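Please keep the sequence and the 3D view at hand while reading.

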Amino acid sequence: MENTIKITRVKASKVNDLDFDNIPLGTIFTDHMFICDYENGQWQTPRIEPLDLIPTHPAAMALHYGQAIFEGMKSTLDIHGNPGLICPEKNGERLNFSARRVGMPDFPVALFVEGLKQFVGLEKNWIPPQEGSALYLRPFMYADEPFIGMRAANHYKFIIIASPSGPFFTKRISLHAETKFIRAAQGGTGEAKVAGNYAAAIQPTELAKAKGYDQILWLDAVEHKYIQEVGTMNVFFKINGELITPKLDGCILNGISRMCSIELLRARGYKVIERLISIDEIIQASENNTLEEAFGTGTAVGVAMIQDIGYKDKTIHVSDNNPVGQMIRGTVHGIRSGRLEDEFGWMVTIKNELV
Ligand SMILES: *Cc1c(COP(=O)(O)O)cnc(C)c1O
């Protein structure tokens, strides 16, 4: 590796303080972080060091103009006790796609993957062993140059932190099809993992939750008719034996779980169609009894099974069970754990990265 990672370990790990049977969501962080600064037009020496606060200038540009992007991935242990990652280079490529959209520099994909391997290798004891549990990894990049004014920054930080997560809540979800607020429009930033997209989704999501829904079903910005995504997941509908997922039209986040699900479904003989799909088509399929199931896919939750959708004053019943969604969930768990063959070559296994 051209950039050797400089490693400073903590004196004593805090992992023994964690109750692995009771992991609170998103509040526990591992001992270390991976960190790299961009200055003078290049990435400096990458480091892994004890997790700590980062001094921030009040004029740091990310705080004002929102040059901030992120990724989300999970590492799990296989039956041999080795950590694994699913297609980490895809996350590296997507990070750079997001970076370019908001005028940030690329982070080398090889260093992204190598940094993850060394970091996860070092934090291996933090990976919860139970099926459905994982070490959630959060790579992110932001502009930390102090400057008041509208231009691309000259100084950035790329960081990876990690948080252990217990088995995700697997209740069937109820969606609110949103006809007032939007998530993404053609030419906007919806297909990039830009922090501001999530800021824009917070108020609509809170309003939907106050009405008793779990998540928003996002519709297109022009006609409020074509389905985009579910919260921060991609969405699949099974109608009359075929799986339909919205095509990547510039408004859809190109999910790695979406990509893996499509590959798996096609390998199992399902027909998967990427195209526009309208809420009217879902209503009609529900009325004709051809709507067989629907689910969301994303790294954080895995597969979320959809029970029903509230649209205007109607409730669209979707289904009471999800055989296809369960097949995807079970197969991904099996491949991650090494109980099933990695037939698609998704896994990167981390063995003794640090000796
Ligand atoms: C991250 C994300 C997804 C899911 O992507 P995965 O790579 O599958 O985790 C889907 N939609 C949005 C809006 C996201 O931010």
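In this predicted model, helix α2 spans residues 88–101 and helix α3 spans residues 109–122. The two helices pack with their axes at an angle of about 130°, and α2 and α3 are therefore oblique to each other.

**Helix packing**
- Two packed helices are described by the angle between their axes and by the distance between those axes.
- The axes of α2 and α3 are 9 Å apart.
- The crossing that α2 and α3 make is right-handed.

**Ligand surroundings**
- There are 14 residues around the ligand, and K193, Y198, E229, S257 and T299 come nearest.
- The shell around the ligand is made up of four nonpolar, six polar and four charged residues.

**Polar side-chain atoms at the ligand**
- Y198 places a polar side-chain atom 2.2 Å from an oxygen atom of the ligand.
- For E229, a polar side-chain atom lies 2.5 Å from a nitrogen atom of the ligand.
- An N or O atom in the T299 side chain is 2.6 Å from an oxygen atom of the ligand.
- The ligand taken alone exposes 380 Å², of which the protein buries 97%.

Key: Residues are numbered from 1 along each chain as its sequence is written. This is a predicted model: local features need pLDDT of at least 70, side-chain atom pairs count only at pLDDT 80 or more; totals for chains, interfaces and linings use all residues. Side-chain values use heavy atoms; hydrogens and water are left out. A residue is near a molecule or strand if one of its heavy atoms lies within 4 Å of it. A polar contact is a pair of N or O atoms within 3.5 Å; within protein, one must be able to donate a hydrogen and the other to accept it, and residues adjacent in sequence count only if both atoms are side-chain atoms. Accessible areas come from the Shrake-Rupley method with a 1.4 Å probe; for residues, only the protein chains shown count as cover. Ala, Val, Leu, Ile, Met, Phe, Trp, Tyr, Cys and Pro count as nonpolar, Asp, Glu, Lys and Arg as charged, and the others, Gly among them, as polar. Axes are lines fitted to C-alpha atoms, for helices over the stretch in contact, and angles run from 0 to 180 degrees between N-to-C directions. Helices (H or I, at least four residues) and strands (E, at least two) are DSSP runs, numbered from the N terminus. Angles under 35 degrees count as roughly parallel, over 145 as roughly antiparallel, 65 to 115 as roughly perpendicular and the rest as oblique. A crossing is left-handed if the near helix is turned anticlockwise from the far one by less than a right angle, and right-handed if clockwise.
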